[in-house]
Amino acid sequence: MKYDRILIRYGEMSTKGKNRNRFVVRLKQNIAKKLASFSNIKIEYMRDRMYILLNGEPHEKVMEQLKTVFGIQSFSLAIKCENDIQQIREAALTAVQQNEYEGKTFKVSAKRVDKQFPVGSSELNYEIGSHILRNTQNLTVNVHQPDIHVRVEVRKDGTYVTCHDVPGAGGLPVGTSGKAMLMLSGGIDSPVAGYLAMKRGLEIEAVHFFSPPFTSERAKQKVIDLVKKLTKFGGKIKLHIVPFTDIQQTIHRQVPDGYSLISSRRMMLKITDLLRKKHNGLAIVTGESLGQVASQTLESMFVINDMTTTPVLRPLVSMDKTEIIELARKIDTHDISILPYEDCCTIFTPSSPKTRPKREKVAYYESFIDLEPLIETAVANTETWVIDEAFTSADEFENLF
Amino acid sequence: MIYLDNSATTKPFPEAIDSFMTVATKYFGNPSSLHELGMKAERLLEQSREQTAFLLGVKPNEIIFTSGGTEANNFAIKGAAIQYRQRGNHIITTMIEHPSVAEPCRQLEQMGFEVTYLPVNEKGIIDIDELARAIREETILVSVMHVNNEVGAIQPIEQIGQLLKQHPKIVFHVDHVQGVTKVPLDLKKAHIDLCTMSAHKFHGLRGAGILYLRNGIRLSPLLAGGGQELQMRSGTENVAAIVAMTKALRLSFAAFEQKAAYLFALKERWIQELAKIADIQLNTPAEHSAPHIINFSLNGLKSEVFVHELEKQHIFVSTTSACSSKKRTPSKTLMAMGVDQQKAESAVRISLSYENKLEEIPVAIHAIQHAIQKLKEVTR
């Protein structure tokens, strides 16, 4: 007998009533994609949990991958056996013995879901616990704070034994909440916003504004690298790269200094919204946090948001910079974000942008220029890349490694 | 040709040479340059770092590319000693280290550091309890090689790591030049802080090496300047050699996956055949030794003449380590193992790679017997 499967417990989606099946199916798809490189595994799913049958695949590696899948509350390595007290005792003992148990404490919690099973749960606890005690050395019982928590569940289809729960990524399966466009600059905030959006089940497509020659190829590469980091959580992600030079230059020429930044932001939002419509999204996600910089005061948000009625989701709005940085480190985007290349946020920044812009004034300044055709061209010339974890833009390097 | 001196250097993989050529001709830009050519070189460098980190099971920002093993060892030892000299001035290493570890330690001694050189037993392995006893309040660095370059003895790195885990102020450096892709070593599991590797020992090209520098450890840079290699090692990066090294590392790990058992079998066979020759005494211990190094003595016969005799048959072996073979000193490791001077002076090293063939053994053995015979006639 040995650990042959991984038991997956769902997150809060187990409360989602009639929609639940959709959530579960989506989670199964997401897990299957994530584990595509392990060709032998099989995924079985039920209403309240999922099992990955390992069929000889290395469980350490599979479990490492599972940690990044949203919609999983926790998972454990499990042994399945028949509903037979002799077998259950053996399975529980094997489960314990595969841990480093010497000098540790344990506890058994048996659960009899299948009420047809003749042995009650407290009797099961006793049977299994004493069997483990008899066959191990230097292992004692502690029912309050055990090092090893042996959980035994007798169900209709068989009995499952687990010893150790690994916390999952939580959240909802990516894709179950619909699609949104993520405005991705290359800074620290926007990738974190994307991560949080995906955690709530959103599928995201990233939009990046590219202003050559003012922003370099390196800035573009940086965004690709960031998206690549996010694909770890969301599978394939589309990245739309919008040529923004003409619009930015036009604004810079026509709109007074203090307002040029706000105006650029408005156009970015407008273009993102057009892309959203084109790609059937229902929301826009940004990395804005309240009061961080000039364009993120409430007044600025009000003026920028004026361009659309589409919901603009700002997952970071209540977070401190230090909290955002901590998350960025956790999802491994921080070190890419801090690379010092000019991006759409840093170039063309006026020395003293208005922190309290007026809607009427922006509209007035913008009324002197006709940005519509420029916006149409930008949308038409947007480049779209599909990025996954193995993506490399430089295929020419392929044979070098 | 039968090449049996793979611990001195290996024959570069043709694939690695191809990568070198392509990068050196097409992507010769300086990775720090702003233009496209510079950016491509930078991408190559970063991709190398990612792949190397992946292969070694560490993070990309823990990989520093150097010019080779000697630089990486010097950097690790002097860099750590200088960085942490406020904490103390005591360093522990072994009596059998490669000169690129031993000499920096001597230099540090001249600068006022104290160095303890741990002895080894007759199998070439240090005593972990002795190491534990040598640790003092002022100890800042422990440097122990994984696989010895002269006899192939494997040090208990994981146990040392466990021991040093209880001394968080001590930096743990491992010279893994001979071991990488031949003797597995989990850098994280062994709690290693610094680890040295060299490209040309695993079929890469000379001029590139790796220093693993665990996150959280700082080193005082040896080479100050433009701040390349994460501000740790200045100097324009040798991108072509680094890319070639990365490829060679991947291929060598793949060879390990497929042929680890084969290499062991090869060594076993060598040892069996060598043991049959009366004038040969094996120095490589049967246990805890690497699958690619075999050291033996010629019963007092001059090993240098022996090397030249075999070379006439296009068979290439080595006296001691390549670095000290020109100095005509008896093998340091053998002396430390308690082998008598005469035996240590007549030591010969055969070092294998995954490229070596079983068919070479009878041919080489025949030549060895012949050479010994000839030497005996001359010297007696």
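# Questions on a predicted two-chain model

The model is predicted: local features need pLDDT of at least 70 and side-chain atom pairs count only at pLDDT 80 or more, while totals for chains, interfaces and linings use all residues. Residues are numbered from 1 along each chain as its sequence is written, and chains are lettered from A and ligands numbered from 1 in the order in which they are written.

Q: Over residues 60-165 of chain A, how far apart are the end C-alpha atoms?
A: Helices (H or I, at least four residues) and strands (E, at least two) are DSSP runs, numbered from the N terminus. Over residues 60-165, chain A is 32% helix and 36% strand. The distance between the end C-alpha atoms is 13 Å.

Q: How far apart are the centres of domain 1 of chain A and domain 2 of chain A?
A: Domain bounds come from an automatic or database domain assignment. For chain A, this assignment gives domain 1 (5-170) and domain 2 (179-400). Taken over C-alpha atoms, the centres of the two domains of chain A are separated by 43 Å.

Q: How do the residues on the side of domain 1 of chain A that touches domain 2 of chain A divide into nonpolar, polar and charged?
A: Two residues are in contact if their C-beta atoms, placed from the backbone, lie within 7 Å. Four residues of domain 1 of chain A are in contact with six residues of domain 2 of chain A. For the classes, Ala, Val, Leu, Ile, Met, Phe, Trp, Tyr, Cys and Pro count as nonpolar, Asp, Glu, Lys and Arg as charged, and the others, Gly among them, as polar. The side of domain 1 of chain A divides into one nonpolar, two polar and one charged.

Q: Are α3(A) and α4(A) parallel, antiparallel, perpendicular or oblique to each other?
A: Axes are lines fitted to C-alpha atoms, for helices over the stretch in contact, and angles run from 0 to 180 degrees between N-to-C directions. Angles under 35 degrees count as roughly parallel, over 145 as roughly antiparallel, 65 to 115 as roughly perpendicular and the rest as oblique. Helix α3 (residues 85-97) and helix α4 (residues 121-134) of chain A pack at about 50°, with their axes 9 Å apart. That angle makes the relation of α3(A) to α4(A) oblique.

Q: Is the crossing of α3(A) and α4(A) left-handed or right-handed?
A: A crossing is left-handed if the near helix is turned anticlockwise from the far one by less than a right angle, and right-handed if clockwise. The way α3(A) passes α4(A) is right-handed.

Q: Which residues of α13(A) make the contact with α8(A)?
A: Helix α8 (residues 257-278) and helix α13 (residues 372-380) of chain A pack at about 50°, with their axes 10 Å apart. Their crossing is right-handed. From α8(A), the contact uses A:M267, A:K270, A:I271, A:L274 and A:L275, and from α13(A) it uses A:I375, A:A378 and A:V379.

Q: Which residue is joined to A:P212 by a cis peptide bond?
A: Most peptide bonds are trans. Here omega is about 0°.

Q: What is the phi of A:D332?
A: Most residues other than glycine have a negative phi. A:D332 is found in the loop between α10 (321-330) and α11 (334-337) of chain A. Although A:D332 is not a glycine, its phi is positive, at about 70°.

Q: Are α1(B) and α8(B) roughly parallel or roughly antiparallel?
A: The axes of α1(B) and α8(B) come within 8 Å. They cross at roughly 155°. The two helices, α1(B) and α8(B), are therefore roughly antiparallel.

Q: Which element of chain B gives the most to the side that touches chain A?
A: The contact takes 15 residues from chain B and eight residues from chain A. At least two residues each come from α1 (14-26), α2 (36-56) and α8 (239-275) of chain B. With six residues, the element that gives the most is α2(B).

Q: Which element gives the most to the side of domain 1 of chain B that touches domain 2 of chain B?
A: Chain B is divided into domain 1 (2-8 + 259-375) and domain 2 (14-250). Their contact takes 23 residues from domain 1 of chain B and 21 residues from domain 2 of chain B. On the domain 1 side, β10 (293-297) and α10 (332-336) of chain B give two or more residues. With four residues, the element that gives the most is α10(B).
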